[in-house]
Amino acid sequence: MREQVMTQIDQVRQLPPSLIAYAPGAMRKAPWWPRLAVGLAAAGLAAAVSLGLVAVRAQDQLEQIQQRDRRISAVLAAPDARTLTATAQRGGTATVVFSRAEGEMVFLASGLAALPDSRTYQLWQIGPTGIRSAGLMRPDDSGRTPLVVTTPFAATTQLGVTIEPEGGSAQPTTRPLLLVDLPAT
């Protein structure tokens, strides 16, 4: 049989390639599910990356809060901590816990009036060498501000609170509505 096939190879013409397989629409479409799987995998990856970024941001915020809480605890527990209070001209009170040994102070105000969104309360450190911002405060619905932890500059003799444009000012633009005298020692 092999001899017969080998002798006929030279005499039998090879068939041309089939053109039907290459005609438009004749090609078989790939199944839809692999594309769906790739799309779902990409969406899952994007969700994982997004959740990872949210988790990192939350961790950073938690670390900042924990650091602030440690600073507050150190000031409150300091053997030389002094508590000072003052009353605001328009109502409200301020409490300052001050520790020279820790080199920090904690400020809290309550009973402050709500301000329009275009205004904010600004805390100032005041001394013979100048005035320096110690932070911005927005009271909650009951008029309490969040705790502000600040490091006073060496010659700070007073803390003051003014009402400033939203975002604060480089220097006070209004008269202080509250002043707290700090002890020299």
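Student: Which residue forms a salt bridge with Arg71, and how far apart are the closest N and O atoms?

Tutor: This is a predicted model, with residues numbered from 1 along each chain as its sequence is written; local features need pLDDT of at least 70, side-chain atom pairs count only at pLDDT 80 or more, and totals for chains, interfaces and linings use all residues. Side-chain values use heavy atoms, with hydrogens and water left out. A salt bridge is a side-chain nitrogen of Lys or Arg within 4 Å of a carboxyl oxygen of Asp or Glu. The partner of Arg71 is Glu104, and their closest N and O atoms are separated by 2.4 Å.

Student: How many residues apart in sequence are the parts that Arg71 and Glu104 tie together?

Tutor: Arg71 belongs to helix H2 and Glu104 to strand S3; helices (H or I, at least four residues) and strands (E, at least two) are DSSP runs, numbered from the N terminus. The pair therefore links parts whose separation in sequence, in residues, is 33.

Student: How many salt bridges does a search of the whole structure find?

Tutor: Arg68 and Asp69 make one, at 3.8 Å from N to O. Another joins Asp140 and Arg144, with the closest N and O atoms 3.9 Å apart. Asp140 is partly exposed at 38%, and so is Arg144 at 45%. Over the whole structure, the number of salt bridges found is four.

Student: Nice. Which side chain is joined to that of Thr150 by a polar contact?

Tutor: Thr150 sits in strand S6 (residues 148–150) and is buried, at 7% relative accessibility. Leaving aside neighbours within four places in sequence, its contacts (heavy atoms within 4.5 Å) include Arg71, Glu104 and Ala134. A polar contact is a pair of N or O atoms within 3.5 Å; within protein, one must be able to donate a hydrogen and the other to accept it, and residues adjacent in sequence count only if both atoms are side-chain atoms. At 2.8 Å, the side chain joined to Thr150 is that of Gln125.

Student: How many residues does the largest nonpolar core have?

Tutor: A nonpolar core is a set of buried Ala, Val, Leu, Ile, Met, Phe, Trp, Tyr and Cys residues joined through side-chain atoms within 4.5 Å. Among those with the most contacts inside the largest one are Val96, Phe107 and Tyr121. Strands S1 (82–87), S2 (93–99) and S3 (104–110) are among the elements giving two or more residues to this core.

Student: Where is Leu40, and how far is its C-alpha atom from that of Thr151?

Tutor: Leu40 is found in helix H2 (residues 33–77). With a relative accessible area of 55%, Leu40 is exposed. Leu40 and Thr151 are 111 residues apart along the chain, and the distance between their C-alpha atoms is 51 Å.

Student: Which helix holds Met6?

Tutor: At 46% relative accessibility, Met6 is partly exposed. The helix that holds Met6 spans residues 2–9 and is H1.

How values were computed: Buried < 20%, exposed > 50% of the residue type's maximum accessible area, 1.4 Å probe, protein only.
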